[in-house]
Amino acid sequence: MEIAETARGILERLVAFPTVSDRPNLDLVEWVGAWLGARGIEMHRVWNAERTKASLFAQVGPAVSGGVVLSGHTDVVPVEGQEWHSDPFRLTERNGRLHGRGTCDMKGFDALALAALAAADARRGDLKHPLQIALSHDEEVGCLAAPALISAMQKALPPPRAAIIGEPTMMQPVCGHKGGYGYDVHLRGYEVHSSLLHRGVSAVMQGARLIEWANRMNEANAASPPGETAALFDPPFTTLHVGRITGGTAHNITARDCRFVLAMRVLPDEDPADWRRAFLEEAERIEAAMRAVRPETGIDITEVFEVPALRPEPDGAAETLVRRLTGENARHYVSYGAEAGQFQQAGMSAIVCGPGNIARAHQADEYLEIAQFEKGAAFMARLIDDLCRE
Ligand SMILES: [Zn+2]
């Protein structure tokens with residue numbers, strides 16, 4: 001299979017760029033630009049403010065509406081503290097699996113998309129609708145770059161009929177995902193000896209109150225009967241989570257600082273603004289109690305990421321296309337966030353579908369099964385046929 005072979009060569013190169021989200025990705029972007037340029041395909045860059053990273057997009061075929069955009073991200077999660085059995089930044093085949101950081105999430109799909117672009121270009125004369133690709137950066141740290149990428153694409157290219165976001169789904173159509181909202185919380189307390197704690201404010205103990213509010217919300221959400229959309233998700237309710245917390249200096253000093261990130265995974269049919277409001281109101285109540293003891297104390301809250309949910313669009317253009325190409329009729333829904341909601345928010349019909357198992361993503365010895373890679377390549381070949389037909 002031609003696409004699979006080309007894509008394998010590309011994947012080898014993409015994995016070799018250690019594009020962890022906190023590092024620049026320009027080497028990868030320039031390599032892709034040169035690879036596309038050698039085939040006469042023009043690549044557009046969308047820089048970040050510091051010009052240390054870029055997203056990219058490209059199109060082949062006629063400049064008409066009704067094409068399909070393949071969307072991926074170029075960044076990967078770190079490997080620190082993980083026990084790898086081969087160099088994470090070297091593509092290594094073992095037992096029918098392609099190991100390497102990003103093989104599954106989601107350079108495997110990126111490579112297939114690039115190979116598909118070249119294959120579509122070879123049939124340029126037959127294409128009735130264009131094939132577009134969009135590769136972002138900073139996805140793993142909150143889908144930060146996709147909005148600018150999408151708006152630049154919308155200015156430069158005709159609107160596509162569907163956006164396929166190639167996160168690992170085992171090539172199953174994923175028709176909805178929850179939204180993700182992250183808040184950086186900094187409680188500023190007041191230090192005194194803990195024997196006199198009534199004269200101080202422990203930022204840690206007040207932070208615990210705010211986290212306990214999140215616990216209560218989770219319990220209440222879990223206890224209420226799920227609606228029609230909620231029932232599609234596992235778990236079938238909005239969840240609030242604190243994964244890391246820092247603060248305090250000693251067991252006998254009321255803590256001056258406490259910091260954590262509160263992350264919400266919100267169902268597509270709930271308004272994230274309601275959750276934000278409820279959270280800020282609770283923070284205000286706690287802050288008022290802190291200030292009653294020490295007026296200089298307080299709680300600072302900053303939004304760090306905002307990823308809209310993907311609302312299911314039954315019989316939408318993206319779902320119809322992907323079901324036809326995969327032959328999969330079941331609809332799937334996931335609780336993690338992805339860029340699909342951002343494409344949908346920009347007015348496109350969007351779906352998540354890509355090779356590999358999400359359970360392998362972000363792990364030591366991350367891998368993509370060759371069978372999945374080939375399934376992805378066959379999907380691309382059918383997609384190109386489709387673009388030539390209609
Ligand atoms: Zn991903």
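**View 1. Zinc donors are spaced along the chain as H-x31-D-x61-E.** This is a predicted model, in which local features need pLDDT of at least 70 and side-chain atom pairs count only at pLDDT 80 or more, while totals for chains, interfaces and linings use all residues. Residues are numbered from 1 along each chain as its sequence is written, and side-chain values use heavy atoms, without hydrogens or water. The zinc ion is coordinated by His73 (NE2), Asp105 (OD), Glu167 (OE) and Glu167 (OE). The distances run from 1.9 to 2.4 Å. Donors are N, O and S atoms within 2.8 Å of the metal (3.2 Å for Na, K and Ca); water is not among the atoms, so sites may look incomplete. His73 lies in strand E3 and Asp105 in helix H3 (residues 103-122), so this pair ties together parts that are 32 residues apart in sequence. Helices (H or I, at least four residues) and strands (E, at least two) are DSSP runs, numbered from the N terminus.

**View 2. The zinc site is irregular.** Angles among the four donor atoms span 55 to 138 degrees. Four donors count as tetrahedral if all angles lie between 85 and 135 degrees; four count as square planar and six as octahedral if opposite donors are over 155 degrees apart and all others between 65 and 115; anything else is irregular. His73 is buried, at 0% relative accessibility. Asp105 is buried too, with a relative accessible area of 5%. Buried means under 20% relative accessible area, exposed over 50%, and partly exposed in between (1.4 Å probe, protein chains only).

**View 3. Strand E3 is largely enclosed by the rest of the structure.** Six of the six residues of E3 are buried. Val68, Leu70 and Gly72 point one way from E3. Val69, Ser71 and His73 point the other way. E3 runs parallel to E6, joined by six bridges. Here Leu70 stands opposite Ile133. E3 also pairs in the parallel sense with strand E7 (residues 162-165), over four bridges. Val68 stands opposite Ala162 in that strand. Two strands pair if DSSP finds at least two bridges between them.

**View 4. Helix H4 has a buried face.** The buried residues of H4 (residues 146-156) are Ala146, Leu149, Ile150 and Met153. Seen down the helix axis, they fall within an arc of 95 degrees, so they line one face of H4. The arc is that of the directions from the helix axis to the C-beta atoms. Their cover includes strands E1 (43-47), E2 (54-60), E3 (68-73) and E6 (131-136), and helix H8 (340-345).

**View 5. Ser55 lies in strand E2.** Ser55 counts as buried, at 1% relative accessibility. Among the residues it touches are His44, Val46, Leu135, His137 and Leu149, not counting residues up to four places away in sequence. Contact means heavy atoms within 4.5 Å.

**View 6. Four strands form an open antiparallel sheet.** Their order is E10-E11-E9-E12. Strands E10 (239-247) and E12 (298-307) are the edges, each pairing on one side only. The twist averages 15 degrees from one strand to the next. Seven bridges join E10 to strand E11 (residues 257-266). His241 stands opposite Ala263 in E11. Helix H6 (residues 272-293) packs on the sheet, touching strand E9 (179-188), E10, E11 and E12. The direction of H6 makes about 165 degrees with that of E12. Axes are lines fitted to C-alpha atoms, for helices over the stretch in contact, and angles run from 0 to 180 degrees between N-to-C directions.
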